[in-house]
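Subject: Structure handover

Hello,

Here is the structure for you to look over. My notes on it follow below.

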Amino acid sequence: MNNAADSASEISPEMRAAESDGGGPRPTIKLNVSYGTSHHEVHLPAQSTFGDVKKLLVNKTGLEPEEQRLFFRGIEKGDYQHLHLEGVKDKSKILLLEGNASKERKLEETRKQNEMSKAFEAIAGVRAEVDKLSNRVTAIEVAINGGNKAAEKEFLVLTELLMSQLLKLDSIDAEGEAKLQRKAEVRRVQTLVDKLDSLKARNSNPFINSSNAVKVTTQWETFDSGMENSGAPSDNSPSTKISQDWERFE
């Protein structure tokens, strides 16, 4: 009784409607479908089409109808060919092969996964470099808080190194979670550069109150919005130009 109920539940509403045509139910047959090393059973009216078989195989195989190729007696069958007209009977064997559409979809999914992995790896590399630069910024901060002065060149070098990390982040093609991580790292670098500006002002004038130090406007929002639309950095923004831009703020 349970097997009969399970078989009936597999039949689609369209096939149920077809059963009522002609004044009575049509006989239901069982098909044995081979897909790789897997074997599946489907139950449907004998006068159904191969397209109907594909619909029943979606949940069993994970393949959409357009991703399936069905073969009976070594010949591929079309969606609109009827089972009984092609000689398919109860307990007939059907071969299912994966179509090109499915292969292309899986290739695209693999490509996206590989790109995301590369993005995560690239962001991790930048994060490691920024960790080192952050430690150097912290060392300068400790020295200035202790009443010592830092070499002016150190501010310029650290600023250029941080800007180079921003350019690396800008060149990373990222989506989803990788895009969020990239954005977080961009904000982290921006914060470090802002801190360097404040420390540089205090280093030049030890008597200046850090809370009143003039903060350089670096137009981070412009850079951040550019990250969303731009690709790799353009040729007209080399490190020498970055140095000159920062010197104007001194």
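Helices (H or I, at least four residues) and strands (E, at least two) are DSSP runs, numbered from the N terminus. This is a predicted model, in which local features need pLDDT of at least 70 and side-chain atom pairs count only at pLDDT 80 or more, while totals for chains, interfaces and linings use all residues. Residues are numbered from 1 along each chain as its sequence is written, and side-chain values use heavy atoms, with hydrogens and water left out.

Leu56 sits in helix H3. With 13% relative accessibility, Leu56 counts as buried (under 20% relative accessible area; exposed is over 50%, partly exposed in between, with a 1.4 Å probe and protein chains only). Its C-alpha atom is separated by 6.9 Å from that of Val42, 14 residues apart along the chain.

H3 (residues 50–61) lies across E1, E2, E3 (68–72), E4 and E5 (92–98), and runs at about 135° to E2. Contact here means heavy atoms within 4.5 Å. Axes are lines fitted to C-alpha atoms, for helices over the stretch in contact, and angles run from 0 to 180 degrees between N-to-C directions.

The sheet is open, with five strands in the order E2-E1-E5-E3-E4 and mixed pairing; two strands pair if DSSP finds at least two bridges between them. E2 (38–45) and E4 (75–77) are at the edges with a single partner strand each, so one side of each has no neighbour in the sheet. On average, neighbouring strands of this sheet are turned by 35° against each other, direction ignored. E1 (residues 28–35) pairs with E2 in the antiparallel sense over eight bridges, and Tyr35 has Ser38 of E2 as its bridge partner.

Helix packing

The axes of H4 (residues 100–145) and H6 (residues 176–204) come within 10 Å and cross at roughly 20°. H4 and H6 are therefore roughly parallel (angles under 35 degrees; over 145 is roughly antiparallel, 65 to 115 roughly perpendicular, the rest oblique). H4 passes H6 in a left-handed crossing, meaning that the near helix is turned anticlockwise from the far one by less than a right angle. Their contact has 13 nonpolar, four polar and nine charged residues (Ala, Val, Leu, Ile, Met, Phe, Trp, Tyr, Cys and Pro count as nonpolar, Asp, Glu, Lys and Arg as charged, the others, Gly among them, as polar).

The axes of H5 (residues 152–170) and H6 also come within 10 Å, crossing at roughly 165°, which makes H5 roughly antiparallel to H6.

Regards
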